[in-house]
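Here is a walk through one protein chain. Keep the structure open and follow the residues as they come up.

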Amino acid sequence: MTDTLLIALFAFLGAAAAGLAGALALRLLRHRSLTLSLTVVAAVAVTAMLAGTLAVAWAMFLSPHDLWVVTTVCAMAAVVSLATALLLGRWVVARSNALTLAARSFGEDGGFVPPAAPGTAEIDALVRELAATSEKLEASRERERALESSRRELVAWISHDLRTPLAGLRAMAEALEDGMAADPDRFFRQIRTEVDRLNAMVGDLFELSRIHAGALPLSPVRVSAAELVGEALDGVSPLAREHGVRLVGERDEAVAVEVDAQAMSRVLGNLMINAIRRTPADGTVAVSARRGSDDASVVLSVTDGCGGIPEEDLPRVFDTGWRGTHARTPPAGDGPPAGAGLGLAIVRGLVEAHAGRAAVRNVHGGCRFEVTLPAAPP
């Protein structure tokens, strides 16, 4: 038993010395190629075995011949180990270089193309992560391009919408200044209408900027959905009478939501004003409030008689500045100011700020806008 312990002790001391030397070498070479590190590891393994064997042989006073045999065997093992380490290192480095080249495809418009040759489990896992990241970046770029296109359209449309009333205001002001206005009171009324139109546009832009910046102040309170529908109907009744449109309301008194009442009144107001303007005379605009199919949501809907929206336009209805095929700027005096195509974008922003969603779909004779909100807790 004592001899066994001594052999183990001498073998451990010899292997430990080789291991410490290998650890020092790995530390010095930690910034070099992986092939070199694997070679050092293989060399340490063989050297540790040889050092332990030599230490035991020296302690046991082996003959020179036996010592030479042991040394030769360890040397051959070292050659095979080093060759294997070099091959493995070159293979891993090649896969790493291929992954590096593939990763360089991440750019402004480039996508990630994974290497064709398989790698180690860790490299394959990294390839999957890079591919998933590439998909997210591409989706982000698509959103950025869509937003940039929307911004350009908004600037163009706002410029158009501002130019028309400003030109009219300037012409009327010059006519009044030169005393050429046959009916000054009519000019004053028209100036007031155009100023209101411009003020509405500026107000919508300011509201939309606060929504996009996440700086919209909300004060949620528990309110009956039927109360929201009733207030919306009362607010748009004069406009409906002016356009000859019938209003129909359907409400469930037991349905309640926890929302900012002023913001949600604007949501319903925007939807109903838009519906009234798109519905022909003698048409009907219906608004309803009901509990969702999952009993955890409330659905507010506004249905008009506009004849429907082209299917290709449905995904863009809530985009900033979207107007469809209707004229950019309504004729002067044709009802209240129509804004700059920001009403539905504001609707979506306000609804999403309440953790809800806004949607639109075509129905028989028109389209239905639906606002889904979380139901208030009982």
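Predicted model: local features only at pLDDT ≥ 70, side-chain atom pairs only at ≥ 80, totals over all residues.

A salt bridge here is a side-chain nitrogen of Lys or Arg within 4 Å of a carboxyl oxygen of Asp or Glu. Side chains of opposite charge can pair when their charged atoms come close. Keep that cut-off in mind for Glu370 and Arg290. Their closest N and O atoms are 3.7 Å apart, and the two form a salt bridge. Glu370 sits in strand 7 and Arg290 in strand 4 (residues 284–291), so this pair ties together parts that are 80 residues apart in sequence. Glu370 is buried, at a relative accessible area of 16%. Arg290 is partly exposed, at 37%.

Step back to the whole chain. It has 378 residues, and 34% of them are buried. The secondary structure comes to eight helices and seven strands. The accessible surface is about 22100 Å², with 61% of it belonging to carbon and sulfur atoms.

How many salt bridges does the structure hold? The count is six. Two of them can be followed within helix 5. In one, the side chains of Arg192 and Asp196 meet at 3.5 Å, N to O. These residues are four apart in helix 5, about one turn of the helix. Arg192 is exposed, at 57% relative accessibility. Asp196 is partly exposed, at 35%. In the other, Arg197 meets Glu194 at 3.4 Å, N to O. Here the spacing is three residues, again about one turn of helix 5.

The buried residues of helix 8 are Leu344, Ala345, Ile346, Val347, Gly349, Leu350 and Val351. What covers them? The cover includes helix 5 (184–213), helix 7 (261–278), strand 6 (357–363) and strand 7. Just after helix 8, Ala355 takes a positive phi of about 65°.

Stay with strand 7 for the aromatic side chains. A search of the whole structure finds one aromatic pair. Phe318 and Phe369 form this pair, which is edge-to-face, with 5.9 Å centre to centre and 85° between the planes. Phe369 is in strand 7 (residues 366–374), while Phe318 is in the loop between strand 5 (297–303) and helix 8 (343–353). The two are 51 residues apart, and the pair links distant parts of the chain. Both phenylalanines, Phe318 and Phe369, are buried.

Strand 5 brings us to Ser297, which is found in that strand. Ser297 is buried, at a relative accessible area of 9%. What does Ser297 contact, leaving aside its neighbours within four places in sequence? Its contacts are Arg291, Gly292, Thr372, Leu373, Pro374 and Ala375.

Next, the cysteines. A disulfide is a covalent bond between the sulfur atoms of two cysteines. Cys306 is partly exposed, with a relative accessible area of 27%. Cys367 is buried, at 1% relative accessibility.

Finish on the surface. Trp68, Val69 and Val73 form a nonpolar patch there. Together they have about 330 Å² of accessible area. Trp68 is found in helix 3 (residues 64–103). Is Trp68 buried or exposed? Trp68 has 60% relative accessibility, and exposed means over 50%, so Trp68 counts as exposed.

Notes:
Residues numbered from 1 in each chain as written. Heavy atoms only, no water. Buried < 20%, exposed > 50% of the residue type's maximum accessible area, 1.4 Å probe, protein only. Phe/Tyr/Trp six-rings, centres within 6.5 Å; stacked < 30°, edge-to-face > 60°. Patch = residues over 30% accessible without salt bridge, like charges linked within 9 Å, V, L, I, M, F, W, Y side chains within 5 Å. Areas by Shrake-Rupley, 256 points an atom, 1.4 Å probe, with all protein chains shown as cover. Contact = heavy atoms within 4.5 Å.
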